[in-house]
Amino acid sequence: MSSYIYISKNVDYKASARRPTRVSLWKSQGFPLFGIGNIVVWRYILEIFVKGLILAPVVRARNVWKSFRSGWFRGTRNEVLRGIDLDIEEGRIFGILGPNGAGKTTFLSILSTLLLPDRGQVEVLGMDVLRGGHGVRQRINISSGNANFLWSLTVRENLTFYGMLYGLGGADRKERVDEAIALFELGNCEKTSFDKLSTGMKQRLALAKSMLNAPEILFLDEPTVGLDPQVSLKIREQIRDIQREKGFTIVLTTHNMAEAEYLCDRIAFLKEGRILTVGTANDLKRNIRLGDVITVVYEGILRSIQLKGLPGVIDSCLSDGRCQFVVDSAQKRMSAILHGLWRAGVIVREVRTSETNLEEVFLEFSK
Amino acid sequence: MNFRSEWTKVLAFVFKNVMITKRNVFSLFEILFWPTVGLLSVGLLATYLRLGPDMTAFILIGVISMSVVHVCQIDIAYVLLYDVWGKCIKHEFIAPVNSVHLILGSWLTGICRSSVIFVLLAFFSSHAFHFDFFKPGVGALGLFLLGLFLTAALVGITVCILVLVFGHKAEVAAWSLVSLMLLICGIYYPISMLPAPVMAVAKIIPLTYFLEYFRSFYGFPSDPNGFLAKGYGFSFLYLGLAWIGLELVIRNAKRTGILIKLSE
């Protein structure tokens with residue numbers, strides 16, 4: 001009998017600082033797994049499983065501070081990040097939301113080694129960005145909204161140049177450039193110079209450029225800013241499809257709540273250089289306790305006293321033939337509310353529900 | 001370290017400068033028009049003033065050297081300036097390249113461009129003013145040109161440093177810094193004519209020694225080997241310092257956020 005145990009996740013990035021590989025961990029040839037003498041073996045297996053189950057973060061930020069000085073003499077210091085702590089797990093799309101000036105782009109720039117923090121520790125793919133910046137840059141890439149490139153070079157020339165910056169040579173570079181052009185449907189304008197491209201095409205070029213080195217982490221800084229809704233939707237779909245296909249990690253900053261809700265597995269909300277909360281979009285909605293809204297149009301006489309004590313109702317209000325309930329979950333509380341209205345002797349004509357959207361959460365956090 | 005991959009990164013900057021130069025019709029002015037106009041006007045002035053062959057040689061060596069240094073250094077300056085003008089400088093600093101790739105790639109382009117200019121100007125000066133640039137021999141000429149290219153690298157790196165510290169405001173250094181050399185290093189006159197403090201500065205600039213070295217083959221009294229040694233000595237010393245300076249400035253740019261500001 002032979003047993004193999006495979007761990008498909010890279011357990012310790014710091015130790016290997018390599019891409020996740022499938023590791024043949026242990027092989028026993030007719031070895032009795034059950035028995036008192038095998039405590040050491042079981043302990044070893046358990047340890048590996050525990051490490052494998054807990055995903056190692058690909059981005060780890062601890063107490064990150066950053067300030068900018070303005071003016072040469074007696075300049076003022078503007079604190080942009082104030083002690084950021086954040087872990088981002090592998091293979092996820094992680095969103096960073098926040099109002100203007102919250103520090104989103106600054107934080108992303110630190111993660112992508114474009115800025116150095118004043119204080120704190122930042123590890124990307126197990127490497128310290130202060131000491132191992134070169135190694136980090138080899139394995140990440142970034143794409144920003146309002147993308148700019150060398151304006152007199154064509155799409156293909158720009159991609160060729162950036163491919164060369166990643167050390168891609170000859171046939172390999174051509175293949176990757178061709179692939180990026182095909183992936184972002186840039187074939188029709190590959191010989192067009194950058195300054196003659198539309199905003200949408202410029203954005204696609206930025207995304208194509210960011211895929212050239214097959215990054216393990218892709219940083220997207222407001223990737224759909226300034227684009228019309230149709231192009232934005234298309235780019236969002238492309239981002240999601242590529243992420244699903246390639247399985248890399250995306251760290252995204254955006255002002256667009258629909259984008260965050262559509263793309264992100266987890267979201268951090270940043271305000272005035274501090275992270276206020278981290279979680280899934282649903283977690284954020286729940287935590288903010290705005291609740292879902294159930295609107296009922298009815299016939300009959302209803303008094304507010306009759307609405308007291310309904311489970312899960314955070315708030316309620318009555319007006320002519322219409323009542324509105326703010327509940328923790330519309331799905332959970334609907335039957336109890338309808339039952340309560342029936343007991344109060346009114347005829348329900350219409351029921352509408354609306355969930356809290358991320359935009360409301362954003363506004364609530366921005367206050 | 002994969003040598004092939006590192007060499008590709010160097011060639012990336014050659015590719016960038018060559019492609020942009022190819023697209024920019026005004027770059028022809030830099031390569032052909034201004035150096036030729038400069039040489040012809042100075043050469044004609046020398047003819048009008050009935051200067052002897054030695055004095056004509058003195059001035060023509062200065063003019064041609066100036067053009068070679070100017071064109072070579074501007075390619076190094078352009079490697080950052082193109083990105084500053086295109087507001088895309090951050091992309092290069094996010095890629096796994098360092099200052100060696102950046103400077104070496106653009107320097108190689110500069111050497112190619114300025115070599116073309118040198119050949120062109122040497123041809124003009126030979127036909128129009130009977131000046132033989134090859135008189136000292138290929139070896140001496142090679143050492144002289146290498147000295148000019150090293151000087152250009154120094155000026156170019158200094159421009160890059162200024163751009164990374166002061167941003168757009170330092171663009172003008174790409175054209176003005178080299179003109180300072182015209183004044184100090186004895187392009188049109190010997191440095192002995194300069195006031196003592198300026199002469200002291202001229203004596204620590206490598207270009208001064210490379211010019212004196214090459215002029216020694218045209219009958220100007222000097223110590224060629226001593227000049228060459230001093231020229232290269234200063235060049236390598238300053239290159240080392242400039243490199244350290246550039247690295248420090250890049251690090252500082254990552255602290256101050258100027259790379260992001262220049263990309264907005």
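This is a predicted model: local features need pLDDT of at least 70, side-chain atom pairs count only at pLDDT 80 or more; totals for chains, interfaces and linings use all residues.
Residues are numbered from 1 along each chain as its sequence is written, and chains are lettered from A and ligands numbered from 1 in the order in which they are written.

Chain B contains 11 helices and 0 strands. Helices (H or I, at least four residues) and strands (E, at least two) are DSSP runs, numbered from the N terminus. The pattern along the sequence is α-α-α-α-α-α-α-α-α-α-α. The radius of gyration of chain B is 19 Å, close to the 18 Å given by the globule rule for 264 residues, so chain B is as compact as a globular protein of that length. This radius is taken over C-alpha atoms, and the rule is 2.2 Å times the number of residues to the power 0.38. The C-alpha trace of chain B spans about 55 × 40 × 35 Å along its principal axes.

Of the 264 residues of chain B, 56% count as buried. Buried means under 20% relative accessible area, exposed over 50%, and partly exposed in between (1.4 Å probe, protein chains only). Chain B exposes about 11,500 Å², and carbon and sulfur atoms supply 74% of it. Accessible areas come from the Shrake-Rupley method with a 1.4 Å probe; for residues, only the protein chains shown count as cover. Among contacts (heavy atoms within 4.5 Å) in chain B between residues at least 6 apart in sequence, 78% join residues at least 24 apart.

Over all chains, the whole structure holds 20 salt bridges. A salt bridge is a side-chain nitrogen of Lys or Arg within 4 Å of a carboxyl oxygen of Asp or Glu. One of them pairs A:R156 with A:D178, with the closest N and O atoms 2.6 Å apart. A:R156 lies in helix α5 (residues 155–165) of chain A and A:D178 in helix α6 (residues 170–183) of chain A, so the pair ties together parts that are 22 residues apart in sequence. A:R156 is partly exposed at 25% relative accessible area. A:D178 is also partly exposed, at 27%.

A:E157 forms a salt bridge with B:R23, and here the closest N and O atoms are 2.6 Å apart. A:E157 lies in helix α5 of chain A and B:R23 in helix α1 (residues 3–23) of chain B, so this pair joins two chains. A:E157 is buried at 12% relative accessible area, whereas B:R23 is partly exposed at 37%.

A further salt bridge links A:R176 and A:D172 (3.6 Å, N to O). Both residues lie in helix α6 of chain A, 4 residues apart, about one turn of the helix. A:R176 is partly exposed at 26%, and A:D172 is partly exposed at 34%. Elsewhere, salt bridges that share partners join A:R156, A:K174, A:D178 and A:E190 into one network.

B:K90 sits in helix α4 (residues 89–94) of chain B. B:K90 is buried yet has no salt bridge. The nearest side chain of opposite charge, A:D221, is 5.2 Å away. For charge, Lys and Arg count as positive and Asp and Glu as negative; His and the chain ends are not counted. The side chain of B:K90 does make a polar contact of 2.8 Å with that of A:S144. A polar contact is a pair of N or O atoms within 3.5 Å; within protein, one must be able to donate a hydrogen and the other to accept it, and residues adjacent in sequence count only if both atoms are side-chain atoms. Beyond its neighbours within four places in sequence, B:K90 is in contact with A:L114, A:S144, B:L259 and B:S263.

Terms used. Side-chain values use heavy atoms; hydrogens and water are left out.
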